[in-house]
Amino acid sequence: MPQDKQTLLGILKAQPVMPVVAVNSAAEAVDLSRALASGGLKAIEITLRTPAALDAIRAVAADVPEIVCGAGTILTPKQFDEAEAAGAKFIVSPGATMEVLDAAKGSPAPLLPGAATPSELMAMIEEGYEVLKFFPAEQLGGVPYLKALAPVFQAISFCPTGGVSMANVRDYLALPNVVCVGGSWVAPKDVVTAGRFDEITRLAAEAAALAA
């Protein structure tokens, strides 16, 4: 089954930066999501990098209706199913396997799989995927690499993640094959842990303004 591009692009195009976060508790995720939404970022990717991730997704999905909550760092079909059951509205994987693609078939949560090399991109096109994650973006060649891919893979759009910051985000967003970027800088771990959510709202507003 081809990728649900319409639903996925509706989420990704709604803001220039997708916050990519790892949280320590469901309560922290709720406070963080509300702070991001207050700043104008209405979608969040909660990564499955902590034991609290699935509970956090459940809590945000239930208690923060103004946020579209997705799940990231999905590596296996089991994680895909668990994230979907927790209420994730979209699923992000750093790469792609046939098993994960099979898990995504028929799911209401669209999958944003990762791909980088020409062979991987060709394989994704064959599977009906044209909106992809590019990770880790800076380490894989960043803006020049994506610029080189654009004329060859004209149907592909990317969400670059990894090493993207306010220092280089405008360069990424200026590319015709970039729909948005993933970023952790809008929710620094030390700021979240300290509960300085007013600062998170400020950072989110700064990132949201990049769409102007």
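Reader: Which residues of helix 2 are buried?

Author: A residue counts as buried when its relative accessible area is under 20%. In this predicted model, the buried residues of helix 2 are E28, A29, V30, L32, S33, A35, L36 and A37.

Reader: Against which elements do the buried residues of helix 2 pack?

Author: The partners include two strands, strand 1 (17-21) and strand 2 (43-47). Helix 3 (53-63), helix 10 (189-193) and helix 11 (197-208) also pack against the buried residues of helix 2.

Reader: What follows helix 2?

Author: Helix 2 is followed by G40, and the phi of G40 is positive, near 105 degrees.

Reader: Which residue other than glycine has a positive phi?

Author: T73 is such a case, with phi near 55 degrees. T73 sits in the loop between strand 3 and helix 4. Its relative accessible area is 17%, so T73 is buried.

Reader: Which residues of helix 3 are buried, and where do they pack?

Author: The buried residues of helix 3 are A53, L54, A56, I57, A59 and V60. They pack against helix 2, strand 2, strand 3 (68-72) and helix 4 (77-86). Apart from residues up to four places away in sequence, T50 touches A22 and V23.

Reader: Which residues of the largest nonpolar core touch the most other members?

Author: A nonpolar core joins buried residues through side-chain atoms within 4.5 Å. The largest one here has 65 residues, and L32, I46, I91 and I200 touch the most other members. Beyond this core there is a second, separate core of 13 residues, which includes L8, V131, C159 and V179.

Reader: What does I200 touch?

Author: Residues up to four places away in sequence are not counted. On that basis I200 touches L32, A35, L36, V186, A187, P188, V191 and V192. Three of these names also belong to the list for helix 2: L32, A35 and L36 are among its buried residues.

Reader: Which elements supply the lining of the largest pocket, and what classes of residue does it have?

Author: Strand 1, helix 2, strand 8 (181-183) and helix 10 each supply at least two residues of the lining. Helix 10 gives the most, with three residues. By class, the lining has 10 nonpolar, 10 polar and four charged residues.

Reader: Where is the peptide bond that is cis?

Author: The omega angle identifies such a bond, and from F135 to P136 omega is near -10 degrees, a cis peptide bond. P136 lies in the loop between strand 6 (131-134) and helix 7 (137-140).

Reader: Where does L210 lie, and with which residues is L210 in contact?

Author: L210 lies in the segment after helix 11. L210 counts as buried because its relative accessibility is 14%. Leaving aside neighbours within four places in sequence, L210 is in contact with P16, V17, M166, V169, R170 and L173. From L210 to L175, the separation is 35 residues in sequence and 14 Å in space, C-alpha to C-alpha.

Reader: How far apart are T7 and A109 in sequence and in space?

Author: T7 and A109 are 102 residues apart in sequence, and their C-alpha atoms are 8.7 Å apart in space. T7 belongs to helix 1 (residues 5-12) and counts as partly exposed because its relative accessibility is 34%.

Reader: Is A14 buried or exposed?

Author: With a relative accessible area of 59%, A14 is exposed. A14 is in the loop between helix 1 and strand 1. The C-alpha atoms of A14 and A43 are separated by 8.3 Å, and the two residues are 29 residues apart along the chain.

How values were computed: Residues numbered from 1 in each chain as written. Predicted model: local features only at pLDDT ≥ 70, side-chain atom pairs only at ≥ 80, totals over all residues. Heavy atoms only, no water. Buried < 20%, exposed > 50% of the residue type's maximum accessible area, 1.4 Å probe, protein only. Helix = DSSP H or I, 4+ residues; strand = E, 2+ residues; numbered from the N terminus. Contact = heavy atoms within 4.5 Å. Nonpolar A, V, L, I, M, F, W, Y, C, P; charged D, E, K, R; others polar.
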